[in-house]
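Dear colleague,

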Amino acid sequence: MTDAELAAQARAGSDAAFARLIERHQAAMRGFLRRTLGGGWAEADDVAQEAILTAWRSLHRLKDVSSFRSWLLGIAWRRARDRIRASRRGAARDAAWLETLEAPTGVSPAERVALAQAMAGLTPDVRACVALCLADGWSHAEAALALSLPLGTVKSHVARGRARLFEALGGSDDA
Amino acid sequence: MTPEQKLAAIFAQQAAPARDLVFMTVVAQRIARRRAVLSVLAGLPWALVAAVVLWALQPVLQRVWTGGGALEPVLGLLGLSAFALAAAFGAVRRLTPG
């Protein structure tokens, strides 16, 4: 079943349809939250659960059933932003978790640390755009809808984020 | 590896598992808990209405009840029953698969 069909059923009160929708999108949402919040899985999952509860209670406000994914990410993003503001943490904290990961094959530990620092230096909005468009392959238009940002702003954030990250990895952004 | 490939590799490492039963179970528990609280809260106005109605009917019920003894425990039981019925009705409606 498509997201639109499941969302329509969920809005009509079907718990099973809502559960299937969440199962479908939980990985992308949790990955996005982890990259945006900069903490470990515990914090990202906590915010993800809060976002899902909010979505469950607000299903009647979902106007376009075909855009459930963007709507859910939008709720998660607002929760993440509130969490970032409330904690008033420094940029270094925001991506310190990247340093805890093992570097994948082909990436040196120094490059991993450099990337972590570059991510930490991005503002939350830019980091969110990078997380959706560069990491998860969202289109600029979808990201703009989810993050409630103008399309031009998303494009500019992605370009700026890409340039900073490529520079950290020793390359240049020729795009 | 190009910087783009390195970035893709690092981002891929940060992905959450496509299926995570533990996470989904925790989510289901939180929704069930929230729903239970909302169901009880939804029944409270009905319990209040039932109590007010019973209080208003007390003179009538007192005349009907000739068995003597205090009427209050009966009214209390009726009020509790009304609340339980309202809560159960609301819960059944909300938990019925759509």
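This is a predicted model. The contact between the two chains draws on 41 residues of chain A and 27 residues of chain B. Together, chain A and chain B bury about 3,100 Å², of which 67% lies on carbon and sulfur atoms. On the side of chain A, the residues that lose the most area to chain B are A:Gln49, A:Leu53 and A:Trp56, which together account for 20% of what that side buries.

One of the salt bridges joins A:Arg30 to B:Asp20, with the closest N and O atoms 3.0 Å apart. Eight residue pairs are in polar contact between chain A and chain B, both residues being at pLDDT 80 or more.

The elements that give two or more residues to the side of chain A that touches chain B are α2 (15–37), α3 (41–57), α6 (109–121), α7 (124–135) and α9 (151–168) of chain A. By residue type, that side of chain A comprises 23 nonpolar, eight polar and ten charged residues.

I turn next to the nonpolar core. The largest one has 49 residues, and those with the most contacts inside it are A:Phe18, A:Met29, A:Phe32, A:Leu33 and A:Phe68. Among the elements that give two or more residues to this core are α1 (3–11), α4 (68–87) and α8 (140–147) of chain A, as well as α2 (21–64) of chain B. The largest share, nine residues, comes from α4(A).

With kind regards

Definitions and conventions:
Residues are numbered from 1 along each chain as its sequence is written. Chains are lettered from A and ligands numbered from 1 in the order in which they are written. This is a predicted model: local features need pLDDT of at least 70, side-chain atom pairs count only at pLDDT 80 or more; totals for chains, interfaces and linings use all residues. Side-chain values use heavy atoms; hydrogens and water are left out. Contact means heavy atoms within 4.5 Å. Buried area is the accessible area (1.4 Å probe) that two parts lose on being put together, summed over both. A salt bridge is a side-chain nitrogen of Lys or Arg within 4 Å of a carboxyl oxygen of Asp or Glu. A polar contact is a pair of N or O atoms within 3.5 Å; within protein, one must be able to donate a hydrogen and the other to accept it, and residues adjacent in sequence count only if both atoms are side-chain atoms. Helices (H or I, at least four residues) and strands (E, at least two) are DSSP runs, numbered from the N terminus. Ala, Val, Leu, Ile, Met, Phe, Trp, Tyr, Cys and Pro count as nonpolar, Asp, Glu, Lys and Arg as charged, and the others, Gly among them, as polar. A nonpolar core is a set of buried Ala, Val, Leu, Ile, Met, Phe, Trp, Tyr and Cys residues joined through side-chain atoms within 4.5 Å. Buried means under 20% relative accessible area, exposed over 50%, partly exposed in between (1.4 Å probe, protein chains only).
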